[in-house]
Each structure stands twice: as structure tokens, then as C-alpha cells.
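Reader: Hello! I have a new structure to look at, and I would like to learn how to read it. Could you walk me through it?

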Amino acid sequence: MLDFLGTRQRTHTCGELRAADAGTTVTLMGWVNRRRDHGNLIFLDVRDRYGITQIVLDRELSPEAHAKAEQARPEYVVAATGQIRLRGAESVNPKMATGEIEIAATELLILNDSKVPPFSPAEDAIQNEEVRLRYRYLDLRRPEMQRNIEVRHKVTLAVREYLASQGFYEIETPFMTRSTPEGARDYLVPSRVHPGHFYALPQSPQLFKQILMISGLDKYFQIARCFRDEDLRADRQPEFTQIDLEMTFPQQEDIFRVVEGFLKAAFEVTGEKISTPFPRMTYDEAIRLYGIDKPDLRLPPMTDVRDAFSAEELSSLKIEAGLPIIAIVIPGQVEMSNTQRKAFAQEIDRTAGPDLAFLDLRRLEKSPQYAALAQRIDAAAARNCGLAGVEPENRLIVLSPRLGTTAPARDHLWLYKKAGQLRLDLAKRFQDEHGAFTKKGTAGDYKFLWVTDFPFFEWDEETRTWTFAHHPFTSPHEDDLKAGRMESDPEAVRALAYDIVLNGTELGSGSIRIHRQDVQQQIFRALGMSDEEARDRFGFFLEALQYGTPPHGGIALGLDRLVMILAGASSLREVIAFPKTAKAIDLMVNAPTPVSDAQLKELHIRPVLRS
RNA sequence: GGGGACGUAGUUCAGCUGGUUAGAACGCUGCCCUGUCACGGCAGAGGUCGCGGGUUCGAGCCCCGUCGUCCCCGCCA
């Protein structure tokens with residue numbers, strides 16, 4: 001038999017009462033976290049968003065309330081009224097924030113009952129994500145998830161407040177729009193009124209925010225939902241949220257300052273410290289030192305130790321001369337056993353192919369012929385890493401190009417990227433040993449980095465053409481334009497594009513945009529796009545460019561990824577209230593679904609199902 | 001599109017070389033218990049071994065297919 005609430009009101013939350021409140025009569029409401037039945041004495045832990053408070057039901061104090069508690073079960077919703085009582089010295093629970101007190105209930109109402117839940121919100125997360133997602137409301141009751149949602153809320157709020165204080169307007173842009181050229185697949189929305197026509201959900205508000213700059217709104221931001229119909233990963237959802245901003249007349253550094261400002265605010269509000277400004281690094285440096293365009297600075301860079309080798313050593317070790325020999329430093333006690341070293345050498349063969357070899361430094365050290373070389377490698381690596389000296393506990397992994405190596409590996413970029421991948425694999429495998437990924441509660445936990453000067457063009461092997469590396473509204477370096485490199489040397493053209501990287505995760509990406517119609521046309525032509533084609537795809541935007549477009553630029557940061565890192569989570573699903581599975585399915589509402597023929601007919605759609 | 005891991009009670013898992021009636025813990029139900037806080041004690045219920053097919057005297061276990069969840073590559077800022 002359920003009770004009616006009547007006019008009762010919650011006086012306090014389940015997380016706020018302390019010893020100083022003893023003696024007050026209060027009413028708490030919440031979910032039964034656990035029940036401990038001692039017969040004539042029953043303890044109920046009642047939970048809400050704010051915490052857990054112990055309610056005591058004593059048959060002597062109130063037989064009615066005690067009888068109610070006998071019926072109560074986990075996840076029942078109850079209202080308890082009674083006096084706050086100090087617990088005896090032996091029964092204080094130091095593990096609970098409210099552990100010094102308890103409520104001696106004189107009234108207990110069961111406001112609602114609950115089926116036996118498939119898993120208990122009182123316990124840690126269960127393994128089975130399918131069940132967690134299907135019963136998301138139960139999963140979200142878990143304190144850990146409530147904390148993640150809280151972090152997300154606080155970060156969003158801090159970003160809003162900071163950007164507003166800097167003069168940014170929050171402006172909404174349409175969800176139902178036309179395809180913008182971000183390069184991903186669109187989610188489409190059929191039009192009922194226009195048979196055969198479709199809206200597209202925005203992959204980002206890119207062109208709208210540029211038009212807002214053309215509109216003279218000067219500084220724009222939005223916590224914007226974006227949609228991309230691509231395959232998912234732990235850090236990729238089909239709909240995700242970006243902190244999107246754009247400003248008029250900026251230098252690159254102006255944008256960096258704004259981002260550093262709101263990130264500092266966002267981290268502060270969640271109790272974390274970071275130091276600004278963030279270091280900057282060009283794309284070329286990042287590739288050379290880390291073999292990737294999103295370096296994780298928590299571990300030392302790779303170093304080229306080829307100078308440590310003599311010509312004789314190169315030839316006797318069957319190493320191709322004139323190519324980088326890359327040393328990867330893994331700090332800490334990460335000595336590999338013989339078995340591990342062999343397995344690792346095999347792994348390199350498998351992942352990098354026959355062009356890269358694993359140079360076993362331990363074996364070199366022991367061989368009379370190469371002991372001196374091993375020491376020189378150590379020294380060179382230490383020097384290049386800026387380490388004080390050769391630290392015996394730092395293990396070096398040395399990768400060398402094999403003699404007679406094939407064409408792709410002669411490209412330094414290829415070598416750097418392979419080595420960078422191995423560096424990350426090793427970092428992950430030995431994370432317990434080096435401990436660099438463990439949070440220490442200092443500003444060093446969060447290694448931010450600006451990566452600048454991305455190449456403007458990217459070679460597309462498939463189509464054998466140059467394609468844009470960012471998006472086609474990114475401005476090239478003015479110097480490269482002046483020097484006429486667009487035509488003469490496309491590979492050397494740098495984009496005024498930049499990424500912000502946090503602990504090896506790409507957090508965001510932005511650029512200074514093209515504001516001149518003639519430059520924009522030049523870019524389209526360089527990409528092999530006819531004027532007609534350009535007008536067809538971006539006509540409205542090209543037209544807008546002709547009406548006094550100011551220089552402008554901006555950036556977009558992945559809010560979900562940011563919160564994921566702040567929450568220490570390993571998947572976006574932990575920081576999104578209602579996420580989708582790897583197959584883009586919502587297991588709670590069961591979406592997507594087929595729709596009725598009538599609905600399809602109205603939308604002028606006939607599905608073509610593959611058999 | 002490709003590769004990998006997993007799928008046994010509500011949950012987490014065990015299940016030998018293919019062999020009788022598929023087990024444990026937690027949870028759940030009933031009874032007992034006035035100081036617990038992962039309460040405790042006694043008793044009990046609970047299984048389409050993801051699904052379909054095959055091999056076999058016999059399949060949770062082997063084979064083929066399929067579905068689902070997760071991770072990675074491709075793809076995607």
C-alpha cells in the first residue's frame with residue numbers, strides 16, 4: 001500500500017546533515033539504497049543526488065513507521081520524518097559524509113515501490129553495458145554517473161560564463177539545414193512539403209558561424225550539438241557536443257587566449273589545476289618528435305639517434321644509412337624480459353612490415369662489439385630528450401630501418417608515424433610501470449598542447465589528387481599565398497589551422513578562415529573544383545563572402561571528450577546521459593525503428609531493403 | 001567494409017578430454033534477530049547455456065551460420 005505525499009515537503013537533502021544539526025526535526029526523501037533489518041530495529045540508507053543518510057526505525061519509537069520499513073525494499077521511494085540524532089561513538093561511520101548522525105524516524109511513507117532492479121545503483125558499475133544502457137535511469141542513479149553529469153554541467157556553465165564575460169554572444173543555429181562540407185556522412189531529414197528533398201543535420205555549425213561574423217556579431221559561441229553518420233569508437237558518438245566559437249579580426253593567438261581562458265575556468269570549477277598558456281608546437285615538430293599530430297606530452301618525445309652510429313656499425317647491423325633511427329624512451333621500471341623482447345620484435349614485424357627492425361639494446365650492451373655503441377645511443381637519447389643523464393630505469397626501444405628498405409619507409413613521415421604508433425602501444429602496455437597516466441592531483445596531470453601550421457593539402461592516394469586537410473574555408477599562410485606556392489608547391493603550403501591536444505586526445509580544431517572571395521576561388525581551383533561546382537555546393541556562402549567579409553577565425557572543442565578526461569572515464573558513454581551503442585542504437589528507447597507506411601508515404605519515401 | 005574479444009541464473013563468473021540431475025557468490029523470497037552500515041542466522045525459489053542448423057549414441061563444450069555488446073583498423077576532426 002503506497003502512501004500519499006500530502007503537503008509534506010523535503011526539508012533537507014540526504015547529503016547535507018552533520019553533527020551540528022543534531023536535535024532538529026527533518027523530512028528527507030529519496031531512494032532506499034540499502035535496508036538492514038534487525039527485527040525490532042531497521043536501518044534504511046536513503047539516497048538522493050546529494051548523498052546518503054541513515055534512517056533508524058525503532059519499533060518502540062514508532063510501530064507504524066517500523067512496519068512501513070519492513071515493507072521497504074531497495075529503490076523504493078520513501079519520505080522519512082524524525083529527529084536528527086548523534087550516533088554513539090562506536091557507531092559513527094567515517095566512510096559516510098553524514099556518518100556522524102542518523103534520523104530517528106517517527107514517520108515513514110512509502111511514496112512508490114520498485115520492481116527488483118536488474119542491477120543495484122548502490123553497487124559499482126556492472127560489466128554488462130547492454131543492461132546499463134537499457135536501464136539507463138538506474139545506471140544514472142549511481143553516484144559515479146551523477147558525478148560525471150555534475151562535472152559536465154559545471155564545465156558547461158563555466159565555459160558559458162567565461163565566454164559571456166569576454167563579450168561572446170551565445171547564438172543558436174539550425175538543426176535542420178543543408179549539408180555543410182565537413183567530409184562526414186550526413187544524417188538526413190526528409191521534407192514532407194518538398195518531395196524528394198532533404199534537410200541535413202549539421203556536422204558542425206561551421207558556415208553559420210562564419211556568416212554570423214559576416215553579419216557583424218563579432219564574437220559568437222554555442223554549446224552546439226553536431227551529427228555525423230560515421231562508425232563509432234569509445235571517443236566517438238554519432239551526436240556529440242562542441243564548444244563552438246568564432247571571432248572577428250583575430251590573430252591565432254587571440255583564439256588561443258580565449259580557449260586557454262575558458263579551459264582554465266572549466267578546470268578550476270571542477271577542482272583541477274592547469275597552467276596556461278599551453279605550449280605550442282608545429283605539425284612538423286609533432287610528427288618528428290612524437291610521430292603523431294596529437295602528441296601525448298606525459299611521456300618524453302622520440303629521438304633520432306642515428307648520429308651515434310658509425311658507418312661500419314650501420315652496415316654490420318644491416319641498417320639503412322641516412323634514415324632516422326628512432327629511440328623511444330619509456331620511463332620507469334619497464335625492463336622487458338627476453339620473452340617480451342622477442343614478442344615485441346615479432347610485433348614490430350607484424351605491424352610495421354619488413355622495413356623496420358627492433359634493435360635490442362640489451363643484447364647490444366652485452367656484446368663486446370657493440371657495448372660502446374649502446375652507451376652512445378643511451379647518451380644521445382638522453383641528450384635529445386633533455387634528460388639530465390642516462391637514467392638506468394628508463395628503457396630505450398630503438399627502431400631502425402632495415403638495409404634495402406622499400407620506398408614507403410624511405411619517407412621520414414612514414415617512419416615517424418610507425419614509431420609514434422609503437423610509442424603509444426608501449427605507453428599503454430607499460431602504464432602501470434611508468435605511472436605517467438595516473439593522476440597526481442597536480443597541474444602536470446593535464447598536458448595541453450597547441451599544434452599549429454598544419455599542411456594545407458593532403459595527398460589522397462585513392463583519387464590521386466590533393467585534397468584539403470582541414471576544410472576548404474581554412475586560410476593558407478599569407479606568406480605561402482604571396483610566394484605562389486599554391487601552384488608551385490602545394491605540399492609546402494601551411495594552413496592557418498590549429499588543434500588543441502590534451503593528453504594525446506584531440507580536443508578541438510580550428511582555423512583562421514578565408515575572408516576574400518578571390519582567395520576562396522583560388523582554393524577551390526587548386527582542389528580541382530570548377531567554379532560551377534563550387535557555386536553549386538557553397539553558392540550561398542560564396543555570395544555572402546562578397547558583401548564585406550571581415551577577417552575571422554575560430555575553433556570547436558569536443559565537450560564530451562573534455563568531460564571524459566576530467567571524469568577519468570574511458571568512454572564518452574560515461575559522460576553522456578543517453579548515449580548510443582557502437583552500432584548507433586539507443587537501447588533504452590530502442591531507436592532507430594521502422595516507421596509506418598503511412599508516415600513514409602507522407603514523406604515521399606519508399607525504402608529499398610537489401611535482401 | 002575488415003579484424004579481435006565476449007555471450008551460461010537478475011548480476012559477476014566457474015563449468016575438466018564431449019558423458020548422469022549445469023554450479024558458486026551476490027541479489028531475490030520466507031522466517032528469526034535492537035546498533036547495523038557490503039549487518040548476521042536458517043530455509044527456499046530461480047537456467048530457451050544468445051538464436052538457428054549440423055556432427056555425435058550423447059553438445060554449455062566441436063563445426064557452420066546468425067544476432068547482440070565491447071575494442072581496434074578503414075571511415076570520421
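Author: Gladly. Let's begin with contacts: two residues are in contact when they have heavy atoms within 4.5 Å. This is a predicted model, and in chain A, among contacts between residues at least 6 apart in sequence, 68% join residues at least 24 apart.

Reader: What else describes chain A as a whole, such as its numbers of helices and strands?

Author: Chain A has 20 helices and 21 strands. Its C-alpha atoms fill a box of roughly 90 × 75 × 55 Å along the principal axes. The accessible surface is about 31,100 Å², and carbon and sulfur atoms account for 50% of that area.

Reader: How many of the residues of chain A count as buried?

Author: A residue is called buried when its relative accessible area is under 20%. By that cut-off, 46% of the 611 residues in chain A are buried.

Reader: Now the strands. Which strands close into a barrel, and in what order?

Author: The barrel has five strands, in the order S1-S2-S3-S5-S4, with mixed pairing. On average, neighbouring strands of this sheet are turned by 55° against each other, ignoring direction.

Reader: Is Ile103 buried or exposed?

Author: Buried: Ile103 has a relative accessible area of 0%, and anything under 20% counts as buried. Ile103 lies in strand S5. Leaving aside residues up to four places away in sequence, Ile103 touches several others, including Leu17, Val26, Leu28, Val56 and Ile84.

Reader: Which helix lies across S1, S2, S3 and S5?

Author: That is helix H1, residues 63-71, which runs at about 65° to S5.

Reader: How many bridges join S9 to S10?

Author: Nine bridges join strand S9 (residues 219-227) to strand S10 (residues 239-248), and the two run antiparallel. One example to find is Tyr220, whose bridge partner in S10 is Glu246.

Reader: Last one: what does the span of helix H18 show?

Author: Compare the span with that of a straight helix. For 15 residues, a straight helix would span 21 Å, at 1.5 Å a residue, but H18 (residues 531-545) spans only 15 Å between its end C-alpha atoms. Look at Phe538, where H18 bends by about 95°. Phe538 is also among the buried residues of H18, which include Ala534, Phe541 and Leu545. Helices H5 (206-214) and H17 (517-526) are among the elements that cover those buried residues.

Definitions and conventions:
Residues are numbered from 1 along each chain as its sequence is written. Chains are lettered from A and ligands numbered from 1 in the order in which they are written. This is a predicted model: local features need pLDDT of at least 70, side-chain atom pairs count only at pLDDT 80 or more; totals for chains, interfaces and linings use all residues. Side-chain values use heavy atoms; hydrogens and water are left out. Helices (H or I, at least four residues) and strands (E, at least two) are DSSP runs, numbered from the N terminus. The expected span of a helix is 1.5 Å times one less than its number of residues. The bend at a residue is the angle between axes fitted to the seven residues ending there and the seven starting there. Buried means under 20% relative accessible area, exposed over 50%, partly exposed in between (1.4 Å probe, protein chains only). Two strands pair if DSSP finds at least two bridges between them. Accessible areas come from the Shrake-Rupley method with a 1.4 Å probe; for residues, only the protein chains shown count as cover. Axes are lines fitted to C-alpha atoms, for helices over the stretch in contact, and angles run from 0 to 180 degrees between N-to-C directions.
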